[in-house]
Amino acid sequence: MAEFIAYLIAGLATGAIYALAAIGFTLVWQTSQTINFAQGEFVMLPAILILAAVKLAGLPLWIAVILGIAAFILLFGWGFKLVIVDPMIRHGVLPLAIATMALSIIMKEGAKDGFTAEAQTFPSLVPQETVTFLGISISLQHIAIIVVACVAIGALQWFVTQTKTGRQMQASAQNPNVALILGIPVAQMVMLTFLINAALAALASILISPIYLAKFSNGEVIGLFAFIAAIVGGFNQVRGALAGGLIVGVIDSLAAAYISTSYRLAVPLVLLVVIILIKPEGLFGRKEERAV
Amino acid sequence: MNASRVDGVLVTLLLGVLILWFAPASMGRYGTYVLSLWIVTAVAVMGLNLTLGVAGLKSLAQAAFMGIGAYATALLTTKAGIGWFPAFMISGALCFVVGLFLGFPALRVKAHYLAFVTLAFSTLVWLVLRNEQWLTGGVFGLSNIPRPVIFGIKTDNALPFHRFVVVVTLALALILWWLLRSPWGRAFLALRENPVRAASLGINIRAYTLLAFAIGSAYAGFAGALYAPLVEFIDPSPFQLSASFFLLLMVVAGGSGYQLGPFVGALLGVVLPEWLRFTGGLYLIIFAGIVIALLIACPQGVLGLFERGWAAVKRRPMGANPPVKGAA
């Protein structure tokens with residue numbers, strides 16, 4: 001039982017990180033119909049940028065963290081929207097989706113050739129100790145990840161539902177034409193979601209890299225889990241992506257412990273197919289109307 | 001698509017076969033290998049071009065299907081001792097059936113769910129290839145895959161095998177060419193242009209999209225059946241998810257929906273790296289960069305660019321046509 005709870009907490013911790021990536025993914029999908037196939041690489045890269053600033057430029061860690069995150073948000077929030085999404089969206093959703101695949105190759109190969117192909121250790125925010133509570137040993141790191149991710153998601157939820165800008169953002173996503181007539185700066189709101197997506201990815205990167213090590217190929221698995229989380233929870237809801245992330249994280253952790261380490265990846269994949277078969281709009285999503 | 005353009009495709013195909021039949025004479029072993037690899041890749045891209053370019057579906061499992069074909073052919077020709085041709089047919093049929101099973105649940109919902117289902121499938125195939133050592137040899141792969149004997153002629157050397165690949169590819173390209181001119185092919189096009197209208201005209205959208213996806217997947221199986229004896233050794237790495245992304249980029253680079261597009265796209269994806277040897281490992285970045293630039297400037301790919309250029313050349317001497325809006 002104690003073992004089970006330890007696996008559960010570890011699963012919730014990685015699940016919270018997948019949720020961050022999945023929320024960014026659904027936000028961008030809602031406002032601009034962009035399916036970002038580079039989402040996993042978005043989570044891989046910030047840690048690499050920070051390590052590169054430390055190892056190649058010799059900066060102290062805290063400056064590298066601030067600079068790395070700022071550079072990432074600038075390049076892959078603002079720059080991504082301006083250089084890739086804006087010119088491409090007029091051709092339709094399909095070319096844009098394929099462009100994000102090309103982008104994922106560029107980010108992955110860039111990290112490999114520009115920095116290193118080896119997995120690098122990434123400093124943890126909290127000491128890597130375990131505390132024992134009621135006979136259950138819990139990693140402090142996992143607790144810290146869950147807390148940080150929950151605070152970030154709570155803040156986002158508050159921003160989106162309680163502030164004026166957040167509600168304008170929602171309006172822009174739900175009906176851009178009406179939002180425009182009401183005087184909402186729709187273009188700025190769409191840009192804002194891209195910046196939020198990049199910030200969430202950077203946060204996820206800092207949280208996950210101490211566990212998985214920073215490596216150029218990390219994005220494949222993280223991206224896969226973010227997609228699965230988004231679909232399982234519901235493609236069009238923030239709370240859906242949150243729930244999806246946690247579910248996928250826990251299932252993955254338990255599958256690795258109790259089923260098979262070599263087929264742990266297969267379990268969430270089977271879950272994905274089952275959800276698509278029985279509840280395609282996701283566990284917490286709403287059905288989308290079909291436009292003619 | 002008018003009649004003269006389609007004949008253009010046919011003429012180009014036949015001319016291409018003539019050139020490819022004789023071209024390797026002065027290219028040496030490795031040059032011939034690269035040329036064969038280009039054509040084999042083009043077969044997989046042809047299938048994906050049907051799925052993406054004609055039916056408008058994103059399949060992220062083309063490399064996985066190619067892997068299924070390659071492993072099926074390798075196992076059948078080495079362990080079961082079956083001839084290459086039956087193994088080739090079985091590989092294609094296997095991918096067709098798997099495509100039907102995979103596409104059915106996904107397409108029941110919405111076209112873009114196919115992308116996620118195939119994404120999952122691609123990873124599952126890779127897991128099986130890597131973990132089931134008793135069957136697939138795991139990370140060590142399968143080696144000593146025999147090359148076929150056709151009418152008593154051995155194709156063990158690079159040149160005869162290359163010619164064999166050229167002939168098989170021509171046959172596959174002609175089947176696809178015929179298919180796209182048939183009423184079926186017209187229905188595929190109708191799906192891409194306006195699915196709702198196609199449905200109202202009595203075309204069973206779900207059946208036709210499923211069929212397009214399954215045929216596209218079968219072509220990946222055929223490509224795998226050619227790939228296995230070409231490289232003579234296979235392991236799971238060339239059939240990963242990133243390889244499927246790469247094949248999609250080739251479709252777009254060549255010109256999605258154009259029947260000759262796959263050959264141009266595969267040329268950029270397979271032969272360009274050889275020319276870019278001097279850049280070291282950067283060729284993937286360069287290729288992906290080219291694709292993004294193409295998508296921004298001309299989403300119809302290289303062939304679309306040619307077509308646009310040709311139209312501009314033809315228009316200029318006349319001087320009578322009013323400038324088209326947005327063409328400046």
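This is a predicted model: local features need pLDDT of at least 70, side-chain atom pairs count only at pLDDT 80 or more; totals for chains, interfaces and linings use all residues.

Q: Where is Leu294(B) found?
A: Leu294(B) sits in helix 13 (residues 283-297) of chain B. Helices here are DSSP runs of H or I with at least four residues, strands are E runs of at least two, and both are numbered from the N terminus. Residues are numbered from 1 along each chain as its sequence is written, and chains are lettered from A and ligands numbered from 1 in the order in which they are written.

Q: OK. Is Leu294(B) buried or exposed?
A: Leu294(B) is buried, because 24 other C-beta atoms lie within 10 Å. The cut-offs: buried takes 20 or more other C-beta atoms within 10 Å of the residue's own, exposed 12 or fewer, partly exposed is in between, and C-beta atoms are placed from the backbone.

Q: What is Leu294(B) in contact with, leaving aside neighbours within four places in sequence?
A: Ala253(B) and Gly301(B). A contact means that the two C-beta atoms, placed from the backbone, lie within 7 Å. Ala253(B) is 41 residues from Leu294(B) in sequence, with 7.0 Å between their C-alpha atoms.

Q: And Lys79(B), buried or exposed?
A: Exposed, since Lys79(B) has 10 other C-beta atoms within 10 Å. Lys79(B) is in the loop between helix 3 (62-78) and helix 4 (84-109) of chain B. Its C-alpha is 17 Å from that of Gly67(B), 12 residues away along the chain.

Q: Zooming out, what's in chain B?
A: Chain B has 14 helices and two strands. Its C-alpha atoms fill a box of roughly 65 × 50 × 40 Å along the principal axes, and 48% of its 328 residues are buried.

Q: How does the radius of gyration of chain B sit against a compact globule?
A: It agrees: a compact globule of 328 residues would come in near 20 Å, and chain B has 20 Å. That's taken over C-alpha atoms, and the globule rule is 2.2 Å times the number of residues to the power 0.38.

Q: Switching to chain A. What's the order of elements?
A: From the N terminus it goes α-α-α-α-β-β-α-α-α-α-α-α-α, with 11 helices and two strands. Buried residues are 49% of the 292 in chain A.

Q: How many residues of chain A touch chain B?
A: 34 residues of chain A are in contact with 32 of chain B. Helix 4 of chain A gives the largest share of chain A's side, 14 residues. That side divides into 27 nonpolar, four polar and three charged. Here Ala, Val, Leu, Ile, Met, Phe, Trp, Tyr, Cys and Pro count as nonpolar, Asp, Glu, Lys and Arg as charged, and the others, Gly among them, as polar.

Q: Pick me a residue in helix 4 of chain A. What does it touch?
A: Take Leu96(A), in helix 4 (residues 93-114) of chain A. Not counting residues up to four places away in sequence, Leu96(A) touches Thr34(A), Val85(A), Met88(A) and Ile89(A). Leu96(A) is buried, with 24 other C-beta atoms within 10 Å.

Q: What about helix 11 of chain A, which residues are buried there?
A: Pro268(A), Leu269(A), Leu271(A), Leu272(A), Ile275(A) and Ile276(A). Seen down the axis of helix 11 of chain A, the buried residues fall within an arc of 155°, so they line one face; the arc is that of the directions from the helix axis to the C-beta atoms. The face turned away from that buried side carries the exposed Val274(A) and Ile278(A).

Q: Last one: what do the buried residues of helix 5 of chain A pack against?
A: Helix 1 (2-32), strand 2 (136-139), helix 8 (186-212) and helix 10 (238-258) of chain A. Those buried residues include His142(A), Ile145(A) and Leu156(A).
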